[in-house]
Amino acid sequence: MPETFDVKLEKKTYRPDPSYLEGSSMGDWETAYGRFMDDPEGFWAGIAGELEWFRTWDRVKEWKHPYARWFTGAKLNITHNCLDRHAAGDRRNKVALIWRGEEEGTERMYTYRQLHRLVMRFANALKKMGIKKGDTVCIYMPLVPEQVVAILACARIGAVHSIVYGGFGAAALHTRIRDAKAKIVITADVGFRRGKRVPLKTIVDEAVINASSVEKVIVLRRTKPLLELISEMEVDFDEVMEGMAPACEPEVMDAEDPLFILYTSGTTGTPKGIVHTCGGYMVGTYYTSKYVFDLKENDIYWCTADPGWITGHSYIVYGPLAAGATVLITETVPDYPDPGTWWQIVEEFGVTIFYTAPTAIRMFMRFGEEWPGRYNLTSLRILGSVGEPLNPEAFEWYYHVIGKSACPVLDTWWQTETGMHMIATLVGEPMKPGFAGRPIPGVVVDVVDREGNPVPPGIGGLLVIKEPWPSMMRTVHGNDERYRTYWNTIDACYTAGDLAVRDEDGYIMVLGRSDDIIIVAGHNLGTAEVESALVSHEAVAEAAVIGKPDPLKGQAVKAFVILRLGFEPGEKLKQDLIYHVRMGLGPIAMPSEIEFVTSLPKTRSGKIMRRVLKAKEMGMDPGDISTLED
Ligand code: WT7
């Protein structure tokens, strides 16, 4: 961990039109935060009370460091709040989901009533296959409505879903299926990406070898002729739905029953299966969708993430649907067939809330203003950002070019582990480029030194969370020890693993990770996972990976590789290694640079000192190298 350090702070402030604050459901930050501080449990009980429960809670919170239980004794089903609540009332014919495929003209819409019925039919299909409450189901699908149906169907019957992003390779999928002991894998024949087909099913075929927990593979077949199913284990998505009744009582879940596992990179080679539970997660994602994004009944809400990441779980599926929003999803990428696609979608569907990642914004900056300039973006009301720091240049561009200097820009800081937004500038509040903002009401954040003492404004330190919150992760699947380290590194605080600095007004600027996690295009990668992928190649004896600043992706992966005897460095081998990582972990983990070396800087105990490599790479002072071996 670093010492504290000085940071030069930007001073610019933008003030949104007062109508934003006047119309906002949350109101101003001071008052709302004060309301929370006066009665934290009452605050959360008030939010929870806006939702429907089968049985109410005995206590809002029970905290025995480092374990929290929220809404104890309460019974619920999150899908009742995402579907039944709306389908039984005024929103029954409201569009819940809009899907736009890659080819123009491929679009589908589902009302709340329709989505509800589809989910219940698929839930019945899962039940018929023997899936019960507590079983794990792995979802490895492209971004199609059927994925949302599969997710909600699991939640309907109390099955724990583990969604794996469709961009991951076979080795990454295999590790996740095995760790979660998934009984069923739900996939598709292909995903469409930039006019090409991504053969998801072929990757599943490889990933399920030696994954004995898997009993069935459900395949959504999207292309003609239909992909042949090759074993007894495999069933067709539409066929299993056939004849299923559109009626399935929701499983009665305890607030603390698990809802899903989602893997995130760790500082060791194995990813961490973050476990979220039903009650607190529902309250946290509903609250932030409704109040941080200030959702209104007529909003057309588009979050460009994939359900394979926490952003998709919380802000495509559960939060916005619990709040009764119209949610747009699309299989398109930002620059195909041209860099105007997303702005065309905004215009065509009249998107009002747009939530994306800094890496996408920086990509659009490169393509130039003429692309968004071709479309009418005046429907936009609120812009959001997530995944890595929104640098001031990207903020300015997003604010002026996309938001026409009128839309609040919400830079939301949070993590897979937090489940919901933690820091953001509320709609209508003054915005400071480069700063995510203040903790949202309900959340207590601090910036501290290694001993846990708060550091003054302008001094960088570690970002910590001081009080439990409803949608916090409950454990790391099968490895509670790893969970405890989050709460034991700094006394009585949750350590987020990020560096941050505060200004005089309490606005927080997040500076990046303090550990061996690299954020590439908003995707969280553990150096260790990439290193072990490299070492699994026959030519590699040892590897060390660092994140190097990249103007587009935020960070890019650079790998230092020591070869085994008998292997010669060369361009061909570099390409082989890149391909090897790509096949194992997926395109996001691909090194953009490989350097062959004959030794790596190590501590006397043999730990690779990545920060020394990084400093050397960037021509910087490596700092304290007293523990370096030679
Ligand atoms: C890490 C969490 C939360 C969903 C997407 C990523 C970085 C995330 C911001 C932001 C600065 C950010 C942090 C965090 N991060 N949002 N607004 N400003 N950094 O979830 O994969 O769990 O990654 O992403 O470093 O710790 P994740």
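Guide: Start with a definition: a residue is buried when its relative accessible area is under 20%. Note too that this is a predicted model.

Visitor: Is Cys154 buried or exposed?
Guide: The cut-off for buried is under 20% relative accessible area. Cys154 has 0% relative accessibility, so Cys154 counts as buried.

Visitor: How many disulfides does the structure hold?
Guide: A disulfide needs two cysteine sulfur atoms within 2.5 Å. The sulfur of Cys138 has its closest cysteine sulfur in Cys154, at 9.8 Å, which is too far for a bond. Cys154 is in no disulfide either. The number of disulfides is 0.

Visitor: Which helix holds Tyr286, and is Tyr286 buried or exposed?
Guide: Tyr286 touches Ile47, Glu50 and Leu51, among other residues beyond four places away in sequence. Its helix spans residues 278–292 and is H10. With a relative accessible area of 4%, Tyr286 is buried.

Visitor: Which elements give two or more residues to the shell around the ligand?
Guide: The ligand is surrounded by 18 residues. By class, they are 7 nonpolar, 6 polar and 5 charged. The elements that give two or more are helix H11 (310–322) and strand E28 (508–513).

Definitions and conventions: Residues are numbered from 1 along each chain as its sequence is written. This is a predicted model: local features need pLDDT of at least 70, side-chain atom pairs count only at pLDDT 80 or more; totals for chains, interfaces and linings use all residues. Side-chain values use heavy atoms; hydrogens and water are left out. Buried means under 20% relative accessible area, exposed over 50%, partly exposed in between (1.4 Å probe, protein chains only). Helices (H or I, at least four residues) and strands (E, at least two) are DSSP runs, numbered from the N terminus. Contact means heavy atoms within 4.5 Å. A residue is near a molecule or strand if one of its heavy atoms lies within 4 Å of it. Ala, Val, Leu, Ile, Met, Phe, Trp, Tyr, Cys and Pro count as nonpolar, Asp, Glu, Lys and Arg as charged, and the others, Gly among them, as polar.
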